[in-house]
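Thanks for coming, everyone. Please look at the sequence and the structure on the screen while I talk.

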Amino acid sequence: MKIHIHFKFVDGPWGGSNSFLKTLEEWFGGQGDIEIVDSIDKECDIVLLNNWSCGAGGMINVKKIKKVRSRKNRPIIVHRLDGIRSLYTDKPDRESDKILF
């Protein structure tokens, strides 16, 4: 199985999503039957999205995700919904507070 984690990792501390997804990628890499794909443009079976962020200040490009879904092999899109930011911080995050399907 080929998995792409759509997130740009940062070395060192960079929030919970960065730590969680790095650990998840390391765990996947230790499984004999899972291959980590380093680009969303390459063929894969699963694309893991993290909330609306793709790391280091970037936001997910919805048009690009729709293009991935139109591929012949049509990978499964797994969208990890993080907590609603306005519930645990005083910084509102309009994108995080919406759920789009």
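I will go from the whole chain to one strand, then to the cores and a few side chains.

First, some housekeeping. This is a predicted model, where local features need pLDDT of at least 70, side-chain atom pairs count only at pLDDT 80 or more, and totals for chains, interfaces and linings use all residues. Residues are numbered from 1 along each chain as its sequence is written, and side-chain values use heavy atoms, with hydrogens and water left out.

Now the overall layout. The chain has three helices and six strands. Their order along the sequence is β-α-β-β-β-β-α-β-α. Helices (H or I, at least four residues) and strands (E, at least two) are DSSP runs, numbered from the N terminus. The chain has 101 residues, and 32% of them count as buried. Buried means under 20% relative accessible area, exposed means over 50%, and partly exposed is in between, with a 1.4 Å probe and protein chains only.

Next, contacts, meaning heavy atoms within 4.5 Å. Take those between residues at least 6 apart in sequence: 63% of them join residues at least 24 apart.

Let's go to strand β3. How many of its residues are buried? Five of five, across residues 46-50. In a regular strand the side chains alternate between the two faces of the sheet. In β3, both faces are covered. Ile 46, Leu 48 and Asn 50 are on one side, with Val 47 and Leu 49 on the other.

Which strands pair with β3? Pairing here requires that DSSP finds at least two bridges between two strands. Strand β1, residues 2-6, pairs with β3 in the parallel sense over four bridges. There, Ile 3 has Ile 46 as its bridge partner. Strand β6, residues 76-80, also runs parallel to β3, with five bridges. Leu 48 stands opposite Val 78 of β6.

Now the cores. In soluble globular proteins, nonpolar side chains tend to be buried together. A nonpolar core is a set of buried Ala, Val, Leu, Ile, Met, Phe, Trp, Tyr and Cys residues joined through side-chain atoms within 4.5 Å. The largest one has nine residues, including Val 37, Val 47, Leu 49 and Ile 65. β3 and α2 (62-69) are the elements that give it two or more residues. A second, separate core has eight residues, among them Ile 3, Phe 7, Ile 34 and Leu 48.

Why does His 4 count as buried? Because its relative accessibility is 5%. His 6 is buried too, at 15%. Their side chains make a polar contact at 3.3 Å. A polar contact is a pair of N or O atoms within 3.5 Å; within protein, one must be able to donate a hydrogen and the other to accept it, and residues adjacent in sequence count only if both atoms are side-chain atoms. A polar side-chain atom of His 4 also lies 3.5 Å from the backbone nitrogen of Ile 40.

Last stop: Phe 7 and Phe 9. They form a tilted aromatic pair, 5.6 Å centre to centre, with 55° between the planes. Rings of Phe, Tyr and Trp (its six-membered ring) pair if their centres lie within 6.5 Å; planes under 30 degrees apart count as stacked, over 60 as edge-to-face, and the rest as tilted. Phe 7 is buried at 10%, whereas Phe 9 is partly exposed at 25%.
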